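Subject: Structure handover

Hello,

I am passing on a structure for you to look at. My notes on it follow below.

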Amino acid sequence: MSRMPYVITQPCVGSKDASCHGACPVDAIHPSPDDPGFDEHDQLYIDPDECIDCGACEPVCPVEAIFPEYEVPEEWQASIGANRGFFERP
């Protein structure tokens, strides 16, 4: 299982502010606001294979939902699996 450089956590649910998507230099945050399935998801996710661990997304998140994996608060640990699962789906 690959390490998740950054994880988008529970505060993103319902907010889905795309500031992080715009700040990401490698388009590692999905779904994109331009994707047809954008409205089908409750939150955004960071692709661990595309993320370059630059941290540009973290300070622009207005709901402070983005954390390095090792700093995800205890109450939002399930977000790590949810983020990983988004990219493991068929």
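The second largest cavity has about 50 Å³ of volume. A cavity here is a set of points on a 1 Å grid over the protein atoms alone where a 1.4 Å probe fits but cannot get out, and its lining residues have an atom within 4 Å of a point. Grid points are joined across faces, edges and corners, and the volume is the space filled by probe spheres set on the points.

This is a predicted model, in which local features need pLDDT of at least 70 and side-chain atom pairs count only at pLDDT 80 or more, while totals for chains, interfaces and linings use all residues. Residues are numbered from 1 along each chain as its sequence is written, and side-chain values use heavy atoms, with hydrogens and water left out.

Among the residues lining the second largest cavity are Ile8, Lys16, Cys20 and Ile66. The lining comprises eight nonpolar, one polar and two charged residues (Ala, Val, Leu, Ile, Met, Phe, Trp, Tyr, Cys and Pro count as nonpolar, Asp, Glu, Lys and Arg as charged, and the others, Gly among them, as polar).

Lys16 also has a positive phi of about 50° although it is not a glycine. Lys16 sits in the loop between strand 1 (6-8) and helix 1 (19-23); helices (H or I, at least four residues) and strands (E, at least two) are DSSP runs, numbered from the N terminus. With 13% relative accessibility, Lys16 counts as buried (buried is under 20% relative accessible area, exposed over 50%, partly exposed in between, with a 1.4 Å probe and protein chains only). Glu64 likewise has a positive phi, near 50°, but Glu64 is exposed at 61% relative accessible area.

The largest cavity holds about 80 Å³ of space. Its lining has 14 residues, and Cys24, Cys51, Ile52, Cys54 and Cys57 lie nearest its centre.

Cys57 also belongs to the largest nonpolar core, which has 15 residues, with Ile8, Cys20 and Ile66 also among those with the most contacts inside it. Such a core is a set of buried Ala, Val, Leu, Ile, Met, Phe, Trp, Tyr and Cys residues joined through side-chain atoms within 4.5 Å.

One salt bridge was found in the whole structure (a side-chain nitrogen of Lys or Arg within 4 Å of a carboxyl oxygen of Asp or Glu). Glu69 and Arg84 form it, with their closest N and O atoms 3.9 Å apart.

Finally, the peptide bond from His30 to Pro31 is cis, with omega near -10°.

Regards

Conventions. On a 1 Å grid over the protein atoms alone, a cavity is a set of points where a 1.4 Å probe fits but cannot get out, and a pocket is an open set with protein on both sides within 12 Å along at least five of seven lines; lining residues have an atom within 4 Å of a point.
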